Amino acid sequence: MDGVRAQISDPAPRFLDRINRGTVAAVVLGLLIGGVVAFVAGGVLVDREAKGMQTTIDGWSTVRQCGEPGNDILMKAACARDWTAANLAPEAVYWTTTVDSAGQTLSGGHDYVLHFPPRGLPPNDAFWSLTMTDAQKRLVANPANRYAVGDRSGLVPNADGSLDIYIQTASPAGHESNWLPAPAGDFMLWLRAYQPGAAILDGEYTVPPVGKASTDVAAANAPAVIVDRVPWVRILLGLAVLAIVLTYLARRRGQAASTDHAPRRLKRPHLITFWAVAIVASAIGTVAFVYVYPNLIYNAWETDIVAHGVDAGSSSGIPVNTLYAVPQLAAPAASNRAVLVTGSNTDTLYVGGWLDLGTEPQVLHVPDMAGRYYSVEFVDPRDGTVFGYVGRRVTGTNAGNFLITGPGWKGTVPSGATQLSSPDNSVFVVGRVLVESNSDLGTAYDLAKQTQLTPLDRWQAGQ
């Protein structure tokens, strides 16, 4: 009799076991598929946002929003990918172009002229420059050893006050002072204005188009081209609604099928579970991907800086709470080979490092810059927000000491120091010191090296 009862009760556990195994398999598969979809969708959204943030006029594109407090998570992700630790607009504005006034790709096979009308140079309170790179954003060696021109280059204006910059591979006869050498292949131009004037910040100033030397280069400005930003919130809400609708319809269909087709009862619940988990996982995963993306980028930078340094010549890493001054400007051999040596900047020496304020605050000392442009930018690596500056625009160029404190610090700011509160104990520091000319490099480097950190207790003991 007991054997009969065992035989009767055996099918139920086997039935439940099949259901449980099927459910677990459906959940796991749904999570895997949803994770893949989230990874792809997150990357697409970030890429679309990066393009949508750009404003383009006459071929020149600019992005002004990066680093600002209050940016949404998708904008922060796009900025972390393409404009890591970029300056806020009041500190510097950048434009880039790869096309001429006709929309054709810039190439060394043509001669170009960038014509600034009278009083048409980028208004600024520091400096401006135009830099040449190849299409991969690298400096390219040229016979003149000139990679940028600007307000420190000895450019010769025309009689009416306008200015022409000749962009071509061969030296322009009679205009050598205004020549920006171009590589043989496709290239990219970078125009930068530090401490930009009100006309730039208000959007009233536009950069003239790059025209071929045989065409009218002073064409009127075309309307701004602004790509619509991604309606990512609506997309994610739509995915969530779709998941609910599909789950409801699938369950209705499964219930109807279970009435007429009993043998299929075990498969449909698993299919429902798979689709529900996959859609929900993709929606949640996409949000998570976008949210953590900036932190992943900055963590990679921190690892690179601490382990390998900040320039191509570094022989070792830069310890936490230490600043390192890069001794040379960017050059063709070093372009894109290190964190703080970029092919688009041949105007400033970089100072960089990583702070950990968890133990105690750090005191940043800057020497007397005697009116020279410099800045020290402080970035929250959790999301790329720029939360503070020390420098010519904000604090002047006199020598100074600045106390960098973490969010939990409750001490007293010592006399002789100005407090700068960080929202996080981890801080990415990027400094820039202007190099006026080749002969000024040594002086600029000495000033950059004197921009250093000291733990608060040691600083107080040494006062």
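Predicted model: local features only at pLDDT ≥ 70, side-chain atom pairs only at ≥ 80, totals over all residues.
Tutor: Residues are numbered from 1 along each chain as its sequence is written, and side-chain values use heavy atoms, with hydrogens and water left out.

Student: How many aromatic pairs does a search of the whole structure find?

Tutor: The search finds 14. Rings of Phe, Tyr and Trp (its six-membered ring) pair if their centres lie within 6.5 Å; planes under 30 degrees apart are stacked, over 60 edge-to-face, the rest tilted.

Student: Why is the pair of Phe274 and Trp275 called edge-to-face?

Tutor: The ring centres of Phe274 and Trp275 are 5.3 Å apart and the planes stand at 70°, so the pair is edge-to-face.

Student: What makes Phe274 buried?

Tutor: Buried means under 20% relative accessible area, exposed over 50%, and partly exposed in between (1.4 Å probe, protein chains only). Phe274 has 14%, so Phe274 is buried. Trp275 has 47%, so Trp275 counts as partly exposed.

Student: Why is the pair of Tyr298 and Phe428 edge-to-face?

Tutor: Their ring centres lie 6.3 Å apart, with planes at 65°, so this pair is edge-to-face. The pair links distant parts of the chain: Tyr298 is in helix H6 (residues 267–308) and Phe428 in strand S19 (residues 426–434), 130 residues apart. Helices (H or I, at least four residues) and strands (E, at least two) are DSSP runs, numbered from the N terminus.

Student: How do you know whether Tyr298 is buried or exposed?

Tutor: Tyr298 has a relative accessible area of 2%, so Tyr298 is buried. Phe428, at 0%, is buried.

Student: What makes the charged end of Arg152 sit over the ring of Phe127?

Tutor: The rule asks for NZ of Lys or CZ of Arg within 6 Å of the ring centre and within 35 degrees of the ring normal. The charged end of Arg152 sits over the Phe127 ring, 4.8 Å from its centre. Arg393 sits over the ring of Tyr389, 5.1 Å from its centre. Phe127 also belongs to a cluster that ring pairs form with Tyr94, Tyr194 and Tyr373.

Student: Why is helix H3 called mostly covered?

Tutor: In H3 (residues 73–82), 7 of its 10 residues are buried. Among them are Leu74, Met75 and Lys76.
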